[in-house]
Amino acid sequence: MAAPTHATLAERPWEALRSGSSDVFELLDTHLGVRVPGFLSRESCAHFTRRVYDGRPFWISDFGGVQFSLGRAWYTHLEQDREDEYFAQARTSDAQVERFLPGLQASLRDAIATLVRAPAPQRPGWCGPGVHIFPAGQWLSHHGGDIHFDTEGLSDEQCQQGSRALTLVLMLQPPESGGALRLWDVTYEGSDDVPDELPQRSYVDANYSVGDLVILDSYRLHQIQPFTGPKDRISATAHAALDVSGTVWETWF
Ligand SMILES: O=C(O)CCC(=O)C(=O)O
Ligand SMILES: [Fe+2]
């Protein structure tokens with residue numbers, strides 16, 4: 001990956017990415033992320049948000065209620081030693097996401113396939129894209145999220161080779177204020193540790209409006225910023241990585 005020259009966020013309409021007039025990899029080599037305004041309509045986001053709350057009995061509570069998800073997220077299970085549950089419940093997880101948010105998983109997978117110009121099927125045995133709920137007025141809203149890379153789902157081999165991997169975040173309900181995704185000019189170099197010199201590194205904050213899609217390189221250091229107001233922050237996430245054959249992109253949550 002070429003070093004980004006500026007700590008900037010590219011902004012492109014979906015049509016530019018879909019048609020190929022903008023290439024996501026070129027953008028990610030020269031910017032810290034890409035924002036696609038209005039990827040999903042406000043009406044669809046409002047509808048999906050209502051359905052996320054309808055699905056509340058099925059939310060998974062993570063880190064003692066710091067955050068919730070509809071569908072199971074790999075990194076939360078990994079960090080809480082719940083890997084067995086993740087795989088045992090993968091089909092149930094997908095059925096729940098599809099029941100409450102029909103078509104959302106497919107549209108995120110289609111978006112990935114369009115961006116990478118290759119098939120982007122679900123990673124066999126893994127949970128498909130899902131939704132994170134970061135509650136208003138609770139711990140994460142005050143402190144922000146963990147500073148992290150999205151490398152948890154990648155194999156050692158993929159990490160060592162720096163094999164391409166993308167994270168897509170679709171904002172269904174932004175908080176009233178704050179809650180941007182901070183993207184640093186720092187990429188994964190073999191360790192999950194946050195570099196000591198982070199305060200000297202440049203960054204850009206990707207602010208979200210309803211329906212915006214943010215695309216980042218999964219090796220890029222990032223963090224949800226604190227937020228205020230009465231609204232929960234609700235975002236859908238899909239991870240994708242080029243598989244060992246080098247022709248197919250596998251996707252998961
Ligand atoms: O919701 C977002 O903006 C990104 C969340 C994130 O980084 C994560 O859950 O890994
Ligand atoms: Fe992340």
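Q: How do strand E8 and E9 pair, and over how many bridges?
A: In this predicted model, E8 (residues 181–187) and E9 run antiparallel to each other, with four bridges between them.

Q: Which residue stands opposite Leu181?
A: That's Ala206 in E9.

Q: And what's the strand order in the sheet?
A: The order is E9-E8-E11, three strands in an open sheet with antiparallel pairing. E9 (203–206) and E11 are at the edges, each with a single partner strand, so one side of each has no neighbour in the sheet. From one strand to the next, the twist averages 25 degrees.

Q: What holds strands like that together?
A: Strands of a sheet pair through backbone hydrogen bonds.

Q: OK, switching to ligand 1: which residues surround it?
A: His132, Asp150, Val169, Leu181, His222, Ile224, Ser235 and Thr237. Strands E11 (220–224) and E13 (233–242) are the elements that give two or more residues to that shell.

Q: How many of those shell residues are nonpolar, polar or charged?
A: Three are nonpolar, four are polar and one is charged.

Q: Now helix H7. What span should it have, and what do its ends say?
A: H7 has 13 residues, 104–116, and at 1.5 Å a residue it should span 18 Å. The end C-alpha atoms are 19 Å apart, which agrees.

Q: Which residues of H7 are buried?
A: Leu104, Gln105, Leu108, Arg109, Ala111, Ile112 and Leu115. They cover an arc of only 155 degrees around the axis, so they sit on the same side of H7.

Q: What follows H7?
A: Arg117, with a positive phi near 55 degrees.

Terms used. Residues numbered from 1 in each chain as written. Chains lettered and ligands numbered in written order. Predicted model: local features only at pLDDT ≥ 70, side-chain atom pairs only at ≥ 80, totals over all residues. Near = placed C-beta within 6 Å. Nonpolar A, V, L, I, M, F, W, Y, C, P; charged D, E, K, R; others polar. Expected span 1.5 Å × (residues − 1). Buried ≥ 20, exposed ≤ 12 C-beta atoms within 10 Å, placed from the backbone. Arc of directions from axis to C-beta. Pairing = 2+ DSSP bridges. Axes fitted to C-alpha atoms, helices over the stretch in contact; angles between N-to-C directions.
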